[in-house]
Amino acid sequence: MMGARGTDSGAVRGVGVALSLIALLGAGACGPDDRPESSSKSPSASGSASVAPDTSAAEAAKSVLEKGIINMESLGEGDGAVQKQFGNTLASVPEDVLSVSFAFTCAGGAEVALTFRLAGKEVASAAGTHVCDGSTIFQRSIDTTGSGPLGFSAIATGAESGGYAYAYYSEKKQLP
């Protein structure tokens, strides 16, 4: 079983990209009064928060991911306020998952440097930076054949305001 990607992964990814662009353009048109208020759950984060969480910005970021990434099985997700340092660890990757797609988005103007660790080892090929403009999604595929905890760490520079959202998705599964 190939999982959510199936045999027509190019078409699914193409539709996902098209819907992402439509969702992102719509999200960018929302003013602060258009965003729903909520009490989102806070993910595990490193560092300390000196600023009150901006749950509406975090919810807006989460909405971008939910609308932009479709037809993929979520393994874990979270959102919160952009801070100087933050991150999260997925306790374990299911044994039949061969690769995970990590998606991240944020708003507020900061630039975020993302690094990844799988089973305690750095995954240098997945590292990158992302500008928190509220309209784009940072996405990386991470080979997880060596299973174990998978985590990301983020260091924000510039503005420490706005919100972020992330999700780990099952990308490739082992055939039964």
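1. In this predicted model, Ala119 sits in the loop between E3 and strand E4 (121–122). Its phi is near 50 degrees, a positive value in a residue other than glycine. With a relative accessibility of 38%, Ala119 counts as partly exposed, because that class lies between the 20% limit for buried and the 50% limit for exposed.

2. Reading from the N terminus, the order is α-α-β-β-β-β-β-β-β-β.

3. Next, contacts along the sequence. Taking the contacts between residues at least 6 apart in sequence, 82% join residues at least 24 apart.

4. On burial and surface: the chain has 176 residues, and 39% of them count as buried. Its accessible surface comes to about 9000 Å². Carbon and sulfur atoms account for 54% of that surface.

5. Which residues have the most contacts inside the largest nonpolar core? They are Phe102, Phe104, Val112, Phe116 and Phe152, in a core of 26 residues. Two or more residues each are given to this core by strand E2 (85–90), strand E3 (97–118), strand E6 (138–143), strand E7 (150–157) and strand E8 (163–173). E3 gives the largest share, 10 residues. Another core, of 7 residues, lies apart from this one, and includes Leu65, Met72, Ala167 and Tyr169. As general background, nonpolar side chains in soluble globular proteins tend to be buried together.

6. Neighbours within four places in sequence left aside, Phe116 is in contact with Phe102, Phe138 and Phe152, among others. Its list of contacts also holds Lys121, Glu122, Val123, Ala126, Ala127, Ile142 and Gly151.

7. One aromatic cluster is formed by Phe86, Phe102, Phe104, Phe116, Phe138, Phe152, Tyr164, Tyr166 and Tyr168. For the chain, the count of aromatic pairs comes to 13. To describe any such pair, one gives the distance of the centres and the angle of the planes.

8. The side chain of Asn88 makes a polar contact of 2.9 Å with the side chain of Tyr166. Tyr166 is also one of the members of the aromatic cluster.

Notes:
Residues numbered from 1 in each chain as written. Predicted model: local features only at pLDDT ≥ 70, side-chain atom pairs only at ≥ 80, totals over all residues. Heavy atoms only, no water. Phe/Tyr/Trp six-rings, centres within 6.5 Å; stacked < 30°, edge-to-face > 60°. Helix = DSSP H or I, 4+ residues; strand = E, 2+ residues; numbered from the N terminus. Buried < 20%, exposed > 50% of the residue type's maximum accessible area, 1.4 Å probe, protein only. Contact = heavy atoms within 4.5 Å. Areas by Shrake-Rupley, 256 points an atom, 1.4 Å probe, with all protein chains shown as cover. Core = buried A, V, L, I, M, F, W, Y, C linked by side-chain atoms within 4.5 Å. Polar contact = N/O pair within 3.5 Å; in protein donor to acceptor, adjacent residues only side chain to side chain.
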